[in-house]
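This briefing groups the main features of a single model by topic. Please consult the sequence and the structure shown below while reading.

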Amino acid sequence: MELDTLPRDRDRIDLGAPGAAAGACSSNDTMRDAAAKAGKSEILDRYAADYPKGPHDQPQSMCPAFGSLRVGLRMRRTATVLSGSACCVYGLTFTSHFYGAKRSVGYVPFSSETLVTGKLFEDIKEAVEGLADPALYDTIVVTNLCVPTASGVPLQLLPAQINGVRIIGIDVPGFGIPTHAEAKDVLAGAMLSYARKEAEQGPVAAPKERTDRPTVTLLGEMFPADPPGIGLMLEPLGLAAGPVVPTREWRELYQALDCAVVGAIHPFYTASVREFEAAGRTVVGSAPVGRDGTAAWLDAIGKACGIAQDKIDASKNKFLPAIAGALAAKPIKGRITVSGYEGSELLVARLLIESGAEVPYVGTACPRTVWSDPDREWLEAHGCRVQYRASLEQDIAAIGEFGPDLAIGTTPVVQHAKQKAIPSLYFTNLISARPLMGPAGAGSLAMVVNAALANQHRFDKMKAFFEGVGTGPTAGVWENTPVDRPEYKAKFAAKRIAAAKAEEHIGT
């Protein structure tokens, strides 16, 4: 195993070799078929059920393995090992360090020979055995990327423990999991499953901090200020905020399972929900966002825990006026479209609407689930169209359809909007990285959103300044403006088609 060392000469696949994924990087269908033939049918069927794709196959998103990789890298005393093509491992490692991972990523390289003969699995096992030091780690997470998954590398055959260190093997192929957000659930669910079985066998490590009140486990990554704020709202109910899943250390998994109820703040953690339900826990959707959302969520949590209505009302009477006041103090006026792939897009749209904005469209790369129904129903009742498994084309079409004053979205959506001289904000860095829940969340978006809305005159000025500069082949400033020659393109296209047909004939 090598740490952050990526030999460029070991990632070649013999496309004609038995067991290898022929045409590996060119076709999801080819990879999926190869994986099924290699014994991965059961796990692919599970992923298809847990993470259903949309009519357009799947959204445009980054490699899904980035999601599970980040979950492992954020956990204390957890080692992460990747098995995949060197180019993929390089990209994932680079992106992880770009987002501040500050930890080494283990890598088990392969060749055509080790891949198709089964030696790769032995290499992975040997690497994990050498890494399994209980003085350093509680857990080692091994992840198959696309090619090892398609070739059937059986990580499930790894020992459950080595030297007392837990070993968790998962497959996170881009052809089986639609988004990186859902890949977080793959690892979180696998860890919850392991921890649940440990707890069923006998006593487990107690959490570092314990409360004498029943807890509410919060499912989905959240801004750090949100869980304490939720805890304050739960106090009048006699409840406390529990761990946030994905957790930051292993023993928090036991605490998460030992809860009174689970709040599915992010509603797409299907595998995790399955583990909580197997532990006998009730799961409640939505989140305490805005006045309406907070009132409905407190009612749902209280009902699930059998809390008397007067205690629920005590919390509502204390916090709802504060939320309403914060929203009224920082109003947002304007038409805004929202899109993203984090899973909190519907919550952000609710908060914007309660702040006074018009939100005609919200697109999310995540799928529709029963736990997002409360948000969807509220949004639709307030004139918002909700698009699950939204594609880039749908998000861009919404900008053309609704002509927003501000577009909140992914990088290409922001780029498209700015080209149209429409102010825009990147969802992940500028919107989701803020408190959303309770009084702290009310009004938290107003400063950045209103500042962006106020920038329309700057976009108008830039558009007027650059008007006539040109686009496509005429982009830029020229003494003699280039003339597009579509007949040349057609001529060369015909030559390429003829050459491809000739090559295909030779291959037969």
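Two strands are taken as paired if DSSP finds at least two bridges between them. On that basis, the predicted model contains an open sheet of five strands in the order β13-β12-β11-β14-β15, with parallel pairing.

**The five-strand sheet**

- Strands β13 (385-388) and β15 (424-426) form the edges of the sheet, each pairing on one side only.
- On average, and with direction ignored, neighbouring strands of this sheet are turned by 10° against each other.
- Strand β12 (residues 358-364) runs parallel to β13 and is joined to β13 by four bridges.
- Within this pairing, Gln387 of β13 is the residue that stands opposite Gly363.
- Helix α16 (residues 411-419) lies across β11 (335-340), β14 (406-409) and β15, and the angle at which α16 runs to β15 is about 165°.

**Ala452 in helix α19**

- Ala452 belongs to helix α19, which covers residues 446-453.
- Ala452 has a relative accessible area of 8% and is therefore buried, the cut-off being under 20%.
- Leaving aside residues up to four places away in sequence, Ala452 touches Leu406, Pro423 and Leu425.
- Of these contacts, Pro423 is 29 residues from Ala452 along the chain, and the C-alpha atoms of the two residues are separated by 6.0 Å.

**The enclosed cavity**

- The count of cavities of 30 Å³ or more comes to one.
- The volume of the largest cavity is about 90 Å³.
- This cavity is lined by 13 residues, of which Pro267, Gly343, Leu346, Ser372 and Tyr388 are the closest to its centre.
- Helix α13 (residues 345-354) gives the most to the lining of the largest cavity, contributing three residues.
- By residue class, the lining of the largest cavity comprises seven nonpolar, four polar and two charged residues.

**The largest pocket**

- The largest pocket holds about 1,200 Å³ of space.
- Its lining consists of 44 residues, and the closest to the pocket centre are Glu221, Met222, Phe223, Val244 and Arg248.
- Two or more lining residues come from each of α2, α7 (180-201), α8 (226-234), β8, α9 and α17 (427-431).
- The lining of the largest pocket divides into 18 nonpolar, 11 polar and 15 charged residues.

**The second largest pocket**

- The second largest pocket has a volume of about 900 Å³.
- Among its 27 lining residues, Ile43, Gln156, Gly169, Ile170 and Ala190 are the closest to the centre.
- The elements giving two or more residues to the lining of the second largest pocket are α1 (28-50), β6, α7 and α10 (270-278).
- Helix α1 gives the most to this lining, with seven residues.
- In the second largest pocket, the lining residues are 14 nonpolar, five polar and eight charged.
- Helix α7 gives two or more residues to the lining of the largest pocket and also to that of the second largest pocket.

**Backbone exceptions**

- Most residues other than glycine have a negative phi, and most peptide bonds are trans.
- Which peptide bond is cis, with omega of about 10°? The bond in question joins Val245 and Pro246.
- Pro246 is located in the loop between β8 (240-245) and α9 (251-257).
- Arg77, although not a glycine, has a positive phi of about 50°.
- The loop between α2 (65-74) and β2 (78-83) contains Arg77, and this residue is partly exposed at a relative accessible area of 33%.
- Asn163 likewise has a positive phi, near 55°, in a residue other than glycine.
- Asn163 is placed in the loop between β5 (161-162) and β6 (165-171).
- Asn163 counts as exposed because its relative accessibility is 54%, the cut-off being over 50%.

Note on methods: Residues are numbered from 1 along each chain as its sequence is written. This is a predicted model: local features need pLDDT of at least 70, side-chain atom pairs count only at pLDDT 80 or more; totals for chains, interfaces and linings use all residues. Side-chain values use heavy atoms; hydrogens and water are left out. On a 1 Å grid over the protein atoms alone, a cavity is a set of points where a 1.4 Å probe fits but cannot get out, and a pocket is an open set with protein on both sides within 12 Å along at least five of seven lines; lining residues have an atom within 4 Å of a point. Grid points are joined across faces, edges and corners, and a volume is the space filled by probe spheres set on the points. Ala, Val, Leu, Ile, Met, Phe, Trp, Tyr, Cys and Pro count as nonpolar, Asp, Glu, Lys and Arg as charged, and the others, Gly among them, as polar. Axes are lines fitted to C-alpha atoms, for helices over the stretch in contact, and angles run from 0 to 180 degrees between N-to-C directions. Contact means heavy atoms within 4.5 Å. Buried means under 20% relative accessible area, exposed over 50%, partly exposed in between (1.4 Å probe, protein chains only).
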